[in-house]
Amino acid sequence: MIFKTKTILYSFLFLALFTYQSHAQGTTYDQKKLDSLGITQAQIDHLGITDINHLSAASKRALKWPVDLGNEWFIQFSNLKPLKGDLAYEEGVVRRDPSAVIKENGKYYVWYSKSTGPTQGFGGDVENDKVFPWDRCDIWYATSKDGETWKEEGLAVPRGKAGAYDDRSVFTVEIMKHENKYYLSYQTVKSPYTVRVKNQIGLAWSNSPNGPWTKSKEPILSPADNGIWKGEEQDRFAVERKGDFDSHKVHDPCIIPYNGKFYLYYKGEQMGEEITFGGRQIRHGLAIADNPEGPYIKSPYNPISNSGHEICVWPYNGGVAALITTDGPEKNTIQWAPDGINFEIMSVIPGVSAHAIGLNRTIDNEKEPTEILRWGLSHVYNSWDYQSIMSFTSERKTQHRAKGE
Ligand code: AAL
């Protein structure tokens, strides 16, 4: 009996010591076994996996991550800061969705959606009411010496005349400068602004950032025409067929010169949109043109994201980087595509305080992957009726230490 107890005790001690040692030092696996699983010893050590014969579902996913990912793409955003001067919050006025910031004549320039008065929503008379804060908007612009105090310069692009495709609202604008010409791309809505109304993208160009602007006669991009509404009632969730990811709305345009062509990234909204395990069904698309004015042809690879909201893209290292926020299972990630089309997750970042980002295109975007996000513009909901433009900063985070550590 005593002998038996001793044997059991020793066995336990041996086992405990063995387990401690193998964990303390990490287990070295047989190369054949590693090869059969298609993994390396370095991956096991990096991920701290206890036993490759018992891989959890989470470890199996982690083993698919690239080992050399690093933290170059990992950042955190600051809280937003109010602007000064004419772009400070003004009761009764909507200023939102700032474009990128560019520098001309020694001044920063920004364009944005501007409207006045409260939002009534869709419950009443949509012919005369204001259904969203971005309804009944025109595109205005402002300049600044320091990026903090802004002077509103005036109207850049007004809504179209009654009957035009942009007669109800022009909003959510982006700027592109190419060969000394300026291009504003923006969303357009034709009246009446019902919940089923299709949203399109328009373009205006000028030889000066101060205008005058010439508008495209037709939209440069429209929703896919392959969804079918169910019934006559204004219900955007009732569909016979949903159609492509952008069958209802094309939004948030951003054109960048890329590989000798013009890449128009946009947000798609689908007829019969659902809430998925990542939130709203929102995805991004791409349309490519040989000339800035178009025609823009949608990529057969669309959608090129499975998540996101407002478009925030910049060229980096021969490819295109994108900040993906707000909706979908891959929200709060920064992604990069070597060809501008096939995006992979480069970092998963803490909640993004800065939405509808207006990137600061004066920053050297090639310095490091996220350099362009060091400061720029965003907007805030002061209330459901009124929004104002704010500034953001972000910083790289490369270590996590306790106070005094
Ligand atoms: C934003 C953008 C578009 C939408 C509205 C104004 O977040 O996605 O611009 O139309 O909301």
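**Figure 1. Surface of the predicted protein model.** The accessible surface of the protein comes to about 20,100 Å², and carbon and sulfur atoms contribute 54% of it. Such areas are computed by the Shrake-Rupley method with a 1.4 Å probe; for residues, only the protein chains shown count as cover. The model is predicted: local features need pLDDT of at least 70, side-chain atom pairs count only at pLDDT 80 or more, and totals for chains, interfaces and linings use all residues. Residues are numbered from 1 along each chain as its sequence is written, and side-chain values use heavy atoms, with hydrogens and water left out.

**Figure 2. Strand β6, residues 107–116.** Helices (H or I, at least four residues) and strands (E, at least two) are DSSP runs, numbered from the N terminus. Eight of the ten residues of β6 are buried, so this strand is largely enclosed by the rest of the structure. Buried means under 20% relative accessible area, exposed over 50%, and partly exposed in between (1.4 Å probe, protein chains only).

**Figure 3. Pairing of β6 with β4 and β5.** Two strands pair if DSSP finds at least two bridges between them. Strand β4 (residues 93–96) runs antiparallel to β6 and is joined to it by four bridges; Arg96 stands opposite Ser113 in β6. Strand β5 (residues 102–104) is also antiparallel to β6, with three bridges, and Ile102 stands opposite Tyr109 in β6. The hairpin of β5 and β6 has two residues between the strands, and Asn105 takes a positive phi near 50 degrees there.

**Figure 4. Pairing of β6 with β7.** Seven bridges connect β6 to strand β7 (residues 138–144) in the antiparallel sense. Trp140 in β7 is the bridge partner of Tyr112.
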